[in-house]
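This report covers selected side-chain contacts, a strand pairing, a cavity and a surface patch. The sequence and structure come first.

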Amino acid sequence: MSEEYRLSYFNSFRLFNRLAYGVFIIATLLMWASGVGKGYAQYVYYLAVFTFVFVADEILFRKNRNKIPKLFFEIRFFAYPVLFSVGCVIHELVPVFFVGILLFIFYIVIQDSIFTDIFNTYTNNFKRGILCVVTGFFMFILQYRKSIVGVWFLIPVIVLLLYGALVFFFYYVTYRTVMFLDERYTKLYFKNADMISENKKLLKFQERVEKVNNEINYQKINLTKANDDLAKINEETRSLIEVMKYFSASFNVENNAHYMLENVVNIKETGAAALYLDKDIYMNEEPYLEIISDNAVAETLLRQDILSIFETVKKRKAFTPLVLCDNYDFKYPYLTGTNLCNAVVFPAYENENIYGVMVITSSKYDFFENGFAFYESSIMDFTSALISDRLYLQTEDMAKKDGLTKIYNRIYFNQFYPEMIEEVKESGDTFTVVMLDIDHFKRVNDTYGHLAGDEVIKSVAKVDNDFAKKYNGTAVRYGGEEFLLILRGKGVEETHAILKEAHEVIKANVVEFEDYKIQVNSSMGIACYPETCDDIHEVLDRADKAMYYSKEHGRGRITIDGREGE
């Protein structure tokens, strides 16, 4: 029996022992006080014995004891029964007290039987045999030594044998019970060990299953993310294809720029998108800027800083994206003062020449975590379309414009002029045509040569074109040295004031050619619908006649249709 088990049981027996010792001490005192029995020495003896065993058990079974030596149990097994039975030697015990002492000895034997480590051994059988003989001799032979005569001697012997048989019977029952429990314990132990082993296997298997499930879940998450990314890439690819289709059907650079920016904003859900193109990129004399934004502050900052951003990118001389702000970390002093979280600049370049920038901003954290490929593809597709558009515009411009003066030529005028007058008729606008002719141009050619004449023509054409742009009109080289200035929404008096200014500019310009300085003058004629002419189809002819009136009446003057005599 293990020490833990032994101590646990002895702690329980300790309580029963205290109760038993207390009962016997009180019974002894009561019998002594009542005068039952003979011989007070016997009561003193039992009081001393019970007190002794009580103190001995308290010392032996104290709570803080970690281990009880086996020798103590062996001594206790023999000493206690002998001490209790020796009392019979002093004097014959009262029958009731005798039976109580006999039961208490049996109680001590039971304790020893329960805590026997090895059952069914010769040592244990011998111990119990000796104990039965000794205690039986004292308890039965000496107790009834005066009463036994003759054959009656056999009665104590029979009682002694029955007492021994009872002790051995209880020992045997205890032995069989413990063996049965031990067998059950052994079976349960191994069964439990098998279950523990199986549980460990199951736990390992469960861990493996959980690990596999975690891996599967992780793969599911990655697969879902990959599917989402693939769907997003497919959407972006389809949108780029649609943009390219639009580019292929349109030769308008500004329309293409707007469509490209709208696609970027819709697909990527950006906060703002801006495209800046430098001047003279697609025959544009001024820089082009397009901004799509849902934030007025961001749009204002883009308009304010876009030129500086463009200059920074050009000085950088790199074609990779420039990060202005990365998750609120502003790396350049641009676009600050707003809730922008990310901002990146994508250079637009052609033949290693940066001609513009696309700026993408967002207030979302980690907005560019999937990279810049879509934006770079968008701006590269736009560049490819721009090259085609520019070639188309140049070809178209060559067909529409005069090769020398770069203003509209007579051929293109014949195409758009009929459409223009139909629009004016429908809208009811005022429509004015000015015919202009260079005075004494033949003399310039004869005196200074045709190259000098070309410079004079370019000088006058520039003035014509400048005033057309200034007043939203159209400048045309109508003939060799004849030009048109067409103005919509301008009446006779307003047009006359404009022409006076233009006439002075022409006269003030001195054309320098080689070592010559050539003074230039011009004759002009004005016709206006409906002020001077009721039929819009006759306005051009009436302006031509007014111009010829100026040439025939002194040159260098302006004539208004219907007011030739003024």
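## Salt bridges within helices

Lys232 and Glu235 form a salt bridge in which the closest N and O atoms are 3.8 Å apart. The model is a predicted one. Both residues belong to helix α6 (residues 154-249), where Lys232 and Glu235 are three residues apart, about one turn of the helix. Lys232 has a relative accessibility of 31% and therefore counts as partly exposed. Glu235, at 32%, is also classed as partly exposed.

A salt bridge also links Arg303 to Glu299, with 3.3 Å between the closest N and O atoms. Here the two residues lie in helix α8 (residues 296-316) and are four residues apart, about one turn of the helix. The relative accessible area of Arg303 is 48%, so Arg303 is partly exposed. Glu299 is partly exposed too, at 25%.

## Other salt bridges

The side chains of Arg542 and Glu538 meet in a salt bridge with an N to O distance of 3.9 Å. Arg542 is partly exposed at 24% relative accessibility, and Glu538 is partly exposed at 39%. Salt bridges with shared partners also join Glu423, Asp429 and Arg488 into one network. The count of salt bridges in the model comes to 22.

## Hairpin β10-β11

Strands β10 (residues 510-513) and β11 (residues 516-519) pair in the antiparallel sense, over four bridges. Phe513 has Tyr516 of β11 as its bridge partner. The two strands form a hairpin with two residues between them. In the turn, Glu514 has a positive phi of about 55 degrees.

The largest cavity has a volume of about 60 Å³.

Its lining consists of Val434, Leu436, Val463, Asp464, Phe467, Leu485, Leu499, Ala502, Ile506 and Met524. At least two lining residues come from each of β7 (431-438), α12 (450-470) and α13 (492-508).

## Nonpolar surface patch

Leu29, Trp32, Tyr40 and Val44 make a nonpolar surface patch of about 380 Å². The elements that give two or more residues to the patch are α1 (3-34) and α2 (40-60). Trp32 lies in helix α1. With a relative accessible area of 30%, Trp32 is classed as partly exposed.

Conventions. Residues numbered from 1 in each chain as written. Predicted model: local features only at pLDDT ≥ 70, side-chain atom pairs only at ≥ 80, totals over all residues. Heavy atoms only, no water. Patch = residues over 30% accessible without salt bridge, like charges linked within 9 Å, V, L, I, M, F, W, Y side chains within 5 Å. Areas by Shrake-Rupley, 256 points an atom, 1.4 Å probe, with all protein chains shown as cover. Salt bridge = Lys/Arg side-chain N within 4 Å of Asp/Glu carboxyl O. Buried < 20%, exposed > 50% of the residue type's maximum accessible area, 1.4 Å probe, protein only. Pairing = 2+ DSSP bridges. 1 Å grid on protein atoms, 1.4 Å probe; cavity = no way out; pocket = protein on both sides within 12 Å on 5 of 7 lines; lining within 4 Å. Points joined across faces, edges and corners; volume = space filled by probe spheres on them.
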